[in-house]
Amino acid sequence: MGLGGCIILIAVGAILTFATDWDMQGVNLDLVGVIFMIVGLIGVATFSSIARRRRVVVPPATPVVDDTTRTRDGYSDGYGV
C-alpha cells in the first residue's frame, strides 16, 4: 500500500467516525473508523521510514571533469572574433 492508500484510509476513517450517524446492528462504525485511521497512520509512518532509507545518495566514484573550457585565440571558432 502506498502513501495514497494510507491517506485514503485516514480520510475514510475520519468520515466514518466524525461525519456519519448511521446505526448498523452488530457493527460500531465509530470503532471501524478509528481502526482505519490507526492503520492509515501506521502505514504513513512505515512508508516514510522506507522512503527515507531509500534516499541515500552515494557520491560518484570518479570526479567529473569539465573539458569544455577553450582558449579564445580569435580564430578558433572560424569567424575571427
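Colleague: So, how many helices and strands does the chain have?

Modeller: The secondary structure comes to 2 helices and 0 strands. Keep in mind that this is a predicted model.

Colleague: Okay. And how much of the chain is buried?

Modeller: Buried residues make up 15% of the 81 residues. The chain exposes about 7,000 Å², and carbon and sulfur atoms supply 65% of that area.

Colleague: Which residues form a nonpolar patch on the surface?

Modeller: L3, I7 and F47 do, with about 240 Å² of accessible area together.

Colleague: Where does I7 sit?

Modeller: I7 is in helix α1, which covers residues 3-19.

Colleague: Why is I7 called partly exposed?

Modeller: Because its relative accessible area is 48%, and partly exposed covers the range between under 20% for buried and over 50% for exposed.

Colleague: Switching topic: where is T20?

Modeller: T20 lies in the loop between α1 and α2, and α2 spans 29-54.

Colleague: Is T20 buried or exposed?

Modeller: T20 is buried, because its relative accessible area is 18% and buried means under 20%.

Colleague: And what does the side chain of T20 reach?

Modeller: The T20 side chain reaches the backbone oxygen of L16, at 2.8 Å.

Colleague: Last one. Among contacts between residues at least 6 apart in sequence, what share joins residues at least 24 apart?

Modeller: For this chain, that share is 47%.

Conventions
Residues numbered from 1 in each chain as written. Predicted model: local features only at pLDDT ≥ 70, side-chain atom pairs only at ≥ 80, totals over all residues. Heavy atoms only, no water. Patch = residues over 30% accessible without salt bridge, like charges linked within 9 Å, V, L, I, M, F, W, Y side chains within 5 Å. Areas by Shrake-Rupley, 256 points an atom, 1.4 Å probe, with all protein chains shown as cover. Salt bridge = Lys/Arg side-chain N within 4 Å of Asp/Glu carboxyl O. Helix = DSSP H or I, 4+ residues; strand = E, 2+ residues; numbered from the N terminus. Buried < 20%, exposed > 50% of the residue type's maximum accessible area, 1.4 Å probe, protein only. Polar contact = N/O pair within 3.5 Å; in protein donor to acceptor, adjacent residues only side chain to side chain. Contact = heavy atoms within 4.5 Å.
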